[in-house]
Amino acid sequence: MASISNAFSLSLPCNRIANSSSDFNPITSALSGLDSGEFSPGRVAVSKPSGIGGRICANATPVMDQPVGEKSSGAPTIVEVDLGNRSYPIYIGSGLFDQPELLQNFDRHVHGKKVIVVTNTTIAPLYLDKVVEALTKGNTAVSVEYVILPDGEKFKDMDTLMKVFDKAIESRLDRRCTFVALGGGVIGDMCGFAAASFLRGVNFIQIPTTVMAQVDSSVGGKTGINHPLGKNLIGAFYQPQCVLIDTDTLDTLPDRELASGLAEVIKYGLIRDAEFFEWQEKNMEKLIARNPNALAYAIKRSCENKAEVVSFDEKESGLRATLNLGHTFGHAIETGFGYGQWLHGEAVAAGMVMAVDMSYRLGWIDSSIVKRVDDILLHTKLPTAPPETMTVEMFKSVMAVDKKVADGLLRLILLKGPLGNCVFTGEYDRKALDDTLSAFCKS
């Protein structure tokens, strides 16, 4: 468990924080199931002592009252990831590339005079010039290099990562340089890992341009690359100085990528934010149609959920693992079927259906939740079953090296109880897992 210097309170709902007993230890309570092999997070909110800027709490505002209207630009919404002296802001809004003061915060975000932007062949023609201008406008002291990588999950490997190091070394970057990730989850993960490794760690900034990256992968400091035997097995926890989300970048996002990212949005509602899931059910059509304020709200709410969890459990000792609902099955699909054949969110969507199916077989949820998950994923045009070529043996062999395996025991994130509740556990009937795999695989 990451050390946390804040005052804590446990609340259900979040706006009752002040009424929590001062004798109650929420960390002990929230993690009480770890020794028995099961972890059930409930709803945990973090609050700062009086006199310090308030923490954003994921369920502080009634979700159903959120407006859905036209795109608006101006001052960004800011969600803070609370990690003590390594805390950082997530800026969310329209037109943020036109606000250079956000990136040019040299006391907090950009260190030194040299910057390298890591992007790909798809994003570079669209946004590289805008980001370079935002970094240098009115400040000729900063020089910007860039490296343009091939686009796609299949390039998230050591060979491609070396191209970043090559450019950084050729450009004679020093320990005061700043790496900037401009792109989706693959670019963010690789740039972050490069920053964590180059000269044993340099400054970096996330500028995510896909829904997937904006609501999930850019927040929380998970960085890394894939290995032929498993996804994201090589990497590091390494936090950015800030995350800048210009929602205008979603205007150029292909429909398939948009739907893929919405899988992670749906995940937050299933595991810890039932009201948000209900909002999604009522507003999915607007999200698919790219209604600007609907997307902005979904991104904000997702970031609040992610920031809250990361603030409690940066290194994934328990609570943070629950953010991986469907990912154990999904990563097996990506690895077994071939990196890049399915988008990450597509694999996670099928994985969530499998996790929900297993939860139902264990008797932990009722059939109405199973139906609601199927319905919302189908509405989002996401897969609800793995590729036909996936076999039981393929799933088992890849899942055996999953990062959540401990002492040979495969731990899974499963739903348990009312919507919005889940467990991270290795204590389940293995027959339920076998039955789920058999139900979704031909052999």
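In helix α12 (residues 367–379), D375 and K371 lie four residues apart, a separation of about one helical turn; helices here are DSSP runs of H or I with at least four residues, and strands are E runs of at least two, numbered from the N terminus. The side chains of D375 and K371 meet in a salt bridge at 2.7 Å, N to O, the term meaning a side-chain nitrogen of Lys or Arg within 4 Å of a carboxyl oxygen of Asp or Glu. K371 is exposed at 52% relative accessible area, while D375 is partly exposed at 37% (buried is under 20%, exposed over 50%, partly exposed in between, with a 1.4 Å probe and protein chains only). Salt bridges with shared partners also join D216, E264, K267 and K306 into one network.

The model is predicted, with local features requiring pLDDT of at least 70 and side-chain atom pairs pLDDT 80 or more, whereas totals for chains, interfaces and linings use all residues. Residues are numbered from 1 along each chain as its sequence is written, and side-chain values use heavy atoms, without hydrogens and water.

Other pairs reach across the chain. K222 and E316 form a salt bridge, their closest N and O atoms 2.4 Å apart; K222 sits in strand β10 (residues 222–227) and E316 in the loop between α9 (292–312) and α10 (327–337), 94 residues apart. E316 is buried at 19% relative accessibility, and K222 is partly exposed at 29%.

Overall, the protein has 14 helices and 16 strands, and 57% of its 443 residues are buried. The whole structure contains 21 salt bridges.
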